[in-house]
Amino acid sequence: MSDRYKNSKKAFEMAARLMPGGVNSPVRALKSVGGTPFFASKGRGAYIYDIDGNEYIDYVLSWGPLILGHCHEEVIDAVMNAAFQGFSFGAPTEREAVLCEMIREAFPSVEMARLVSSGTEAVMSAIRVARGFTGRDKIVKFAGCYHGHADYLLVKAGSGAMTFGTPDSKGVPEDFARLTATLPYNDIEAVRQLFSAEGDRIAAVIVEPVVGNMGTILPREGFLETLRELCTAHGAVLIFDEVMTGFRVAYGGAQELFGIKPDMTALGKVIGGGLPVGAYGGKREIMENVSPLGAVYQAGTLSGNPLSVSAGIAALTVLKREMPYQYLENKTKKLCAGLEETAKKKGIAARTNSCGSMWTVFFTDTDVYDLDTAKRSDTTMFARFYHAMRDRGVSLPPSQFEAAFLSIAHGDAEIEKTIEAFESSIYSCLI
Ligand code: PMP
């Protein structure tokens with residue numbers, strides 16, 4: 001196997017001299033599983049290829065956007081047609097409203113939206129608007145949820161249930177982090193206590209309604225309902241970060257799945273069909289605070305970019321027509337069941353969490369429902385799993401604490417091959 005990644009290794013050496021860690025987003029550098037990344041050359045359907053000519057079943061799918069698989073024809077057509085008309089105008093186009101209308105139809109809570117260029121931008125803008133709307137500064141997030149890299153969101157909890165934050169990243173001023181309270185995910189009592197102490201100073205609660213960023217974790221019954229109830233009672237803005245779950249776990253995202261209406265929603269990933277995009281929106285009375293209607297400033301040179309918006313419209317059109325969510329869920333369940341059964345046969349402690357087409361194998365023997373339980377997983381075993389699977393033509397997210405995905409291009413053949421790869425990994429390198 002030593003030459004299998006020869007070209008990728010060479011490319012990585014060059015990249016590492018020029019870019020921090022050789023990458024443009026840290027997780028791609030494989031720090032948590034060791035080794036070096038493969039360099040991608042192309043993708044088709046459920047498969048991604050590297051510059052050494054290796055083929056992989058792709059469960060990363062650009063970290064979520066590619067729910068239709070790589071290079072879906074209708075998305076390619078839309079992007080090509082748009083490209084011939086011009087790459088960017090800096091003037092409004094009709095299709096921006098078309099995309100916003102598609103979003104509103106799927107997410108009735110999003111009465112008005114603003115398009116931006118990334119999930120990070122969507123979330124940080126939503127928080128600014130929530131603060132402007134409420135006239136309050138404090139925000140609440142949950143440990144292990146990732147909401148992009150805005151300063152005051154790079155904060156995690158200490159071990160206590162109610163820790164007013166310390167920064168997770170150097171370069172984030174303590175003063176910014178202090179405005180962020182971090183609570184354990186799924187801990188209803190902790191949220192109640194915080195609201196009873198500070199409720200009237202909280203501008204917003206932001207949550208991944210289904211978490212992808214500590215591996216896939218589902219909300220326990222009553223958790224999201226309690227957030228809704230407390231935010232309403234205290235005049236705080238409930239923000240669902242559906243950058244990952246939007247148009248992914250259901251056409252109308254986690255809010256459709258769980259029947260809860262947030263005040264604001266952040267979107268990204270799927271709504272750009274693989275091109276850079278984000279969106280935030282919510283109740284009209286809140287969104288009317290955004291410039292130029294209101295006094296909360298937010299802008300972007302490439303916001304509503306014609307290529308991204310065209311790709312997004314095409315992707316959502318396919319999803320709306322085909323409604324593949326049951327298919328995706330069935331396939332994901334089949335894959336997870338196969339992986340669990342294989343692990344069980346060999347006495348490996350592993351369990352899976354999944355929601356729709358988001359899934360994770362945790363190497364642990366306990367339920368995983370928050371950051372602490374996720375962290376009990378055997379990350380050394382995960383690292384071996386990652387590499388063993390990759391060497392057998394299966395590309396997984398290179399971290400125990402990231403969700404994997406399925407696309408409509410993944411069929412039974414891919415699932416069977418993946419389970420076989422896991423079986424042979426177990427025999428040769430996992431135990
Ligand atoms: N929110 C969530 C839930 C995410 O998963 C991500 C990215 N993984 C972001 C926000 C940030 O999005 P982006 O990387 O597009 O800035």
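Strand β14 and strand β15 (residues 358-362) pair in the antiparallel sense over 5 bridges; two strands count as paired if DSSP finds at least two bridges between them. Helices (H or I, at least four residues) and strands (E, at least two) are DSSP runs, numbered from the N terminus. The model is predicted: local features need pLDDT of at least 70, side-chain atom pairs count only at pLDDT 80 or more, and totals for chains, interfaces and linings use all residues. Residues are numbered from 1 along each chain as its sequence is written, and side-chain values use heavy atoms, with hydrogens and water left out.

Within this strand pair, Ser-354 stands opposite Trp-359 in β15. Helix α11 (residues 325-345) packs on the sheet and touches β14 and β15 (contact means heavy atoms within 4.5 Å). The direction of α11 makes about 5 degrees with that of β15; axes are lines fitted to C-alpha atoms, for helices over the stretch in contact, and angles run from 0 to 180 degrees between N-to-C directions. The open sheet holds 3 strands in the order β14-β15-β17, with antiparallel pairing. Its edge strands, β14 (351-355) and β17 (404-405), each pair on one side only.

A second open sheet has 4 strands in the order β1-β2-β3-β16, and its pairing is mixed. Because β1 (40-44) and β16 (394-395) each have a single partner strand, one side of each is left without a neighbour in the sheet. Strands β2 (residues 47-50) and β3 (residues 55-58) are antiparallel, with 3 bridges, and Tyr-49 stands opposite Glu-55 in β3. Helix α14 (residues 412-430) lies across β2, β3 and β16, at about 105 degrees to β3.

Attention now turns to the ligand. Among the residues around the ligand (a heavy atom within 4 Å) are Tyr-146, His-147, Asp-241 and Lys-269. An oxygen atom of the ligand lies 2.8 Å from a backbone N or O atom of Gly-119. For N or O atoms in side chains, the distance to a ligand oxygen atom is 2.6 Å at Thr-120 and 3.0 Å at Asn-213. Taken alone, the ligand exposes 390 Å², of which the protein buries 81%; accessible areas come from the Shrake-Rupley method with a 1.4 Å probe.

Two local backbone features remain. Most residues other than glycine have a negative phi, and most peptide bonds are trans. Asn-186, in the loop between β9 (180-183) and α6 (188-198), has a positive phi near 70 degrees. A cis peptide bond joins Ser-291 and Pro-292, with omega about 10 degrees.

Notes
Polar contact = N/O pair within 3.5 Å; in protein donor to acceptor, adjacent residues only side chain to side chain.
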